[in-house]
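Please open the model in your viewer and keep the selection tool at hand.

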Amino acid sequence: MTKPIRKIALASVAVVALASAANAETHKYKFQSSDPAGNPNFELQQNWAKDLAERTDNQIQVEMMPVGSVVEHNETLDATGAGIIDGIVTDISYFAGKDPAFSLLGNPVGAWSSTDQLLDFMNNGGGQQLANDLFQPYGLHYVGSTTTGLESLVSKVPLDGVADLKGLKMRAPEGLVQDVFAAAGAAPVNLPGSEVYTALDKGVIDAADYTVFSTNQAQGLNDIAPNPVYPGFHSMPLVGVAMNKKEWDSLSPELQKAFEESVKQFADKEVSDLAAADKKAVAKAEEGGKIHVHDWSDEERAKFRRIAITQWEKVAKKSDKAQHVYDVLTDYLKKNNLL
């Protein structure tokens, strides 16, 4: 019975440590998301805020606000540093205009084959330090990471490997994603997400980099483009949780630790929930026999990654910080036999 008692005792000490600060100031923060209200990601973020309040005995209270509530999504970095908002939960590649390093760390297209790989890199492979090096000059502390998972590729035509990308008219956002697909032989165009369905339906494009399978399915994209690639091979956005550094520094070590642990739990919850939603959506999509899911082989994924690396190298040359991200990222991938 010794070990269980010790665990209970340690847990009690942690609770007492937080409870002893009951008379301390309650920290109330406003965080802006890069997701809209009603989006599954935003709902998970709201649940994270509730968990954080519970585990800190309400000493930290975060109000999650949807995208655009106070400033535009790509303005939240400066807004947080200036204290206009207190923190963000966002795809960090939106700040590529500040430094291309944000793009390379936020979505190194083709790098990751699973959420475990990305989160291990961020938590244990040097990614956390890279993120803090990027955020701190703007007055932010980078608390931790999560992700929505590998995005499915929507397609009207069968895609079973890199060769099938040649000449493919597809939607891809500006920046690294578009550059990599162009290097792979596709003909990417920049379209807002609101126009993807219509463009596919009218034949303006034959494929689209959009989001995860379950969301694509819910929006009817797979019905008009019945050859989705799943699991995805290209895009897995890094979603960062960061806050005003002065506010972070004002928290006790115990509260900081509770904050960090809550983000890790949030990441586990988001990854598992969205992966389960994708699997359920895939099973339902395949029931009628009209949607044909394509899963690329390891060999084809490796071919795409090698093409992507040529574009990472170009981004790395654009700034010293981008080069540093490239060096740490590729070193991690080599050590883990992912190249």
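Rings of Phe, Tyr and Trp (its six-membered ring) are taken as a pair if their centres lie within 6.5 Å, and a pair counts as stacked with planes under 30 degrees apart, as edge-to-face over 60 and as tilted for the rest. Before selecting anything, note that this is a predicted model, in which local features need pLDDT of at least 70 and side-chain atom pairs count only at pLDDT 80 or more, while totals for chains, interfaces and linings use all residues. Residues are numbered from 1 along each chain as its sequence is written, and side-chain values use heavy atoms, with hydrogens and water left out.

Select Y29, F31, W48, W248, F259 and F266 together, and you will have one aromatic cluster on the screen. The count of aromatic pairs by this rule comes to 20.

Helices (H or I, at least four residues) and strands (E, at least two) are DSSP runs, numbered from the N terminus. Are W112 and Y332 buried or exposed? W112 is buried, with a relative accessible area of 4%, and Y332 is buried too, at 9%; here buried means under 20% relative accessible area, exposed over 50% and partly exposed in between (1.4 Å probe, protein chains only).

Now select W296 and F304, which form an edge-to-face pair because their ring centres are 6.5 Å apart and their planes stand at 80°. W296 is buried at a relative accessible area of 3%, and F304 counts as buried at 0%.

Switch to a cartoon view for the sheet, where 5 strands in the order β2-β1-β3-β9-β4 form an open sheet of mixed pairing; two strands pair if DSSP finds at least two bridges between them. At the edges are β2 (60–65) and β4 (140–147), each of which pairs on one side only.

Zoom in on β1 (residues 27–33), which pairs with β2 in the parallel sense over 6 bridges, and find H27, which stands opposite I60 in β2.
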